[in-house]
Amino acid sequence: MEHEKSTPKPESFNLRCVIILHKATHKPENIISAITDGYAKLCQETIFFTNNQKLFDKFQKFQNNYTMYHVDSSLNHFYWTYYLYAMEFSSKVPAQWTFLGDDQTYLIVPNLRNTLRNFDSEKPVVLGKVKDTSTLFSWLFPLSSFKKISVRGGVVLSNPAIDKLSACKGFFFSRASDFALYDCSEKYGVQIADPFDEDALRLFNDLPPKQIIAPDSKLFRSSPTKAGKCSDHAISFGQLSEKDMRVLQFGMSLKVFGRGGLDTSSNETTDF
């Protein structure tokens, strides 16, 4: 997606991280630990949302540097009403940028910071992986939208974008978050950006690195698969296990395989 380039001051970078926990997540305490040991340390504020009452009660018993809210709902963040609630509620105190992901998403904050230098936080903008789901038969449904912003890969929003998207309510039927996010952004004048690197590789990813590099051919028996490549400047990966998150963090915290490690004292890109 095309976007206007501007240069926000690097020293003003402020990031709120909002993580939605799946009710069915196995050993959620381990996932929370992997996130808080990793990228959450680089967020100025970290907020968890869950509809798991037992997890919420257990979390409250311990002294934490992070906030958790319980949502009394049988839905999850794949439904727009839940997703919008988490977005709105977490932004009561405005932040320059808000990352909204789930407990299977990992964020590489230094790479995000460098990418956001090209965007103005005072304008309504949403960054994420845009997908076009149209097919040869889509022309049969001219009033339908086939584009979406994948919530599995995480989404980054400016505060003005959240303000505008907050008006996108009142659907007669339940809406999927990823389709609603794209449609609402277009309707309310929010700039949509799907950033790529100099090698035309996506920065927001809704799959783990191993599936991008070597996809499982068993899942695609009808056609052969080709090995892919992850951008050295990747911002996010989705559908990760706790082990995957630990491996990503290890790769960023140490200089391994000639790649640059994570440096929290500078604005240098972390090569993955």
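1. Helix H1 lies across strand E1 (15-21), E2 and E3, and runs at about 165° to E2. Helices (H or I, at least four residues) and strands (E, at least two) are DSSP runs numbered from the N terminus. Angles run from 0 to 180 degrees between N-to-C directions, with axes fitted as lines to C-alpha atoms, for helices over the stretch in contact.

2. The model is predicted: local features need pLDDT of at least 70, side-chain atom pairs count only at pLDDT 80 or more, and totals for chains, interfaces and linings use all residues. Residues are numbered from 1 along each chain as its sequence is written, and side-chain values use heavy atoms, with hydrogens and water left out.

3. The sheet is open and has seven strands, in the order E3-E2-E1-E4-E9-E6-E10, with mixed pairing. Strands E3 (67-70) and E10 (191-193) are the edges, each pairing on one side only. From one strand to the next the twist averages 20°. Two strands pair if DSSP finds at least two bridges between them.

4. Strand E1 is joined to E4 by six bridges, and the two run parallel; Leu15 has Trp97 in E4 as its bridge partner. Six bridges also join E1 to E2, again parallel, and here Val18 is partnered by Ile47 in E2. Strand E2 (residues 45-50) in turn pairs with E3 in the parallel sense over four bridges, with His70 in E3 as the partner of Thr50.

5. How many residues of E1 are buried? Seven of the seven are, so E1 is largely enclosed by the rest of the structure. Buried means under 20% relative accessible area, exposed over 50% and partly exposed in between (1.4 Å probe, protein chains only). Leu15, Cys17, Ile19 and Leu21 are buried on one side of E1, and Arg16, Val18 and Ile20 on the other.

6. Helix H3 (residues 80-90) lies across E1, E2, E3, strand E4 (97-102) and strand E9 (155-158), at about 145° to E2.

7. Helices H1 (residues 28-37) and H2 (residues 53-60) pack at an angle of about 55°, their axes 11 Å apart. That makes H1 oblique to H2; angles under 35 degrees count as roughly parallel, over 145 as roughly antiparallel, 65 to 115 as roughly perpendicular and the rest as oblique.

8. In this packing, Pro28, Glu29 and Ile32 of H1 meet Leu55, Lys58 and Phe59 of H2 (contact means heavy atoms within 4.5 Å). The residues of this contact divide into four nonpolar, no polar and two charged. Ala, Val, Leu, Ile, Met, Phe, Trp, Tyr, Cys and Pro count as nonpolar, Asp, Glu, Lys and Arg as charged, and the others, Gly among them, as polar.
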